[in-house]
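Welcome! Please take a moment with the sequence and the 3D view below, and then let us walk through a few spots together.

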Amino acid sequence: MRAGRFDPQTQVLDFSHVPKCGGTTVHDFLSRLMDGRYEHCFPGSGWEARIDNALGAGGHHMRGQGPINRLPGKKVVRLIILREPLQRLTSFYRHIRNHPGHYLAVRPEVKGKSFVDFVRYCRDAKVREFYDLQSQFVVGPKGNPQDVNQVLDTFDTEFDFYAPLHMLPTLREELSAFFGKPAPALVSKNVSKEVPINPAEIRAAADIIYTHNYTDLQLYNACTDKFMRFLDTSRRELRQR
């Protein structure tokens, strides 16, 4: 995790928001932490008129592809949140069921289908969001998301702040310290309404999901391990003071 303090004269923050990894909650938190000088970049948000004055920005952009990366003379501080693949795909399914206008929800092969049928469809139709999406965001458009070593090396060297989704409250404190400001509360955003899924379907879908998200599983585990090592080191340092 990056040490020191944020320098608004020389640095900007770039948040790579992988879908269904808590990103909308993080956008809201960052906007309040950065006193409104953070842009959630999505169509129709008007970010284009404000990006030159922003201290940070994020959206559904792979590493290095967000508009904040194009500001001249700025060092980019990178942030990403990762999620256990089965949980991410379960959330993705519920999101689609809650948003009937979603491009997948309107397809006859998906509309009203069970979770395991949805997973099988995503596999067979080669739906981009199904296949190692978190690894795609880490390596960027020119990388190979199936190359485990490339994904893990890129994650290890390119991202300054990171956390598994369930550790977001702890990361909140680290980001607060980096920006030298009190940490705003985390307010859950874009949480899908509960859609019951039979546990037997989850078990049946899990094998398909892990087979085709093997790199994402390795990435998530590496992120969790690295985050916990950081916490262990921080606690030892506190005890020694």
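Is Cys223 buried or exposed? Cys223 counts as buried, because its relative accessibility is 0%. Please keep in mind that this is a predicted model.

**The cysteines**

How many disulfides does the structure hold? The count is 0. Cys223 is in no disulfide, and the nearest cysteine sulfur, 9.9 Å away, belongs to Cys21. For Cys41, the closest cysteine sulfur is also found in Cys21, at 18 Å, so the two are too far apart for a bond. Cys41 counts as buried too, with 5% relative accessibility.

**A glutamine in helix H4**

Next, find Gln134, which has its place in helix H4, residues 133-139. Gln134 is buried, because its relative accessible area is 1%. What does the side chain of Gln134 reach? At 2.7 Å, it reaches the backbone nitrogen of Arg83. Leaving aside residues up to four places away in sequence, Gln134 touches Val18, Cys21, Leu82, Arg83, Arg88, Asp216 and Leu219. Cys21, the residue with the cysteine sulfur nearest to Cys223, is thus one of the residues that Gln134 touches.

**Pocket and cavity**

Now for the empty spaces. Rolling a probe the size of a water molecule over the atoms shows where such space is left.

The largest pocket holds about 570 Å³ of space. It is lined by 27 residues, and those closest to its centre are Lys20, Gly22, Arg83, Ser91 and Asn190. Arg83 is also the residue whose backbone nitrogen the side chain of Gln134 reaches. Two or more lining residues come from each of helix H1 (23-33), helix H2 (85-98) and helix H6 (168-179). Which of the elements gives the most to this lining? H2 does, with 6 residues.

The structure also holds 1 cavity of 30 Å³ or more, and the volume of the largest cavity is about 40 Å³. Around it are Val26, Phe29, Ile81, Leu168, Leu171, Arg172, Leu175 and Leu186. H1 and H6 are the elements that give two or more residues to this lining, and H6 gives the most, with 4 residues.

Here are the two linings by residue class:

To go back over the linings in the 3D view, start with H2 for the pocket and H6 for the cavity.

Conventions:
Residues numbered from 1 in each chain as written. Predicted model: local features only at pLDDT ≥ 70, side-chain atom pairs only at ≥ 80, totals over all residues. Heavy atoms only, no water. Buried < 20%, exposed > 50% of the residue type's maximum accessible area, 1.4 Å probe, protein only. Polar contact = N/O pair within 3.5 Å; in protein donor to acceptor, adjacent residues only side chain to side chain. Contact = heavy atoms within 4.5 Å. Disulfide = S-S within 2.5 Å. 1 Å grid on protein atoms, 1.4 Å probe; cavity = no way out; pocket = protein on both sides within 12 Å on 5 of 7 lines; lining within 4 Å. Points joined across faces, edges and corners; volume = space filled by probe spheres on them.
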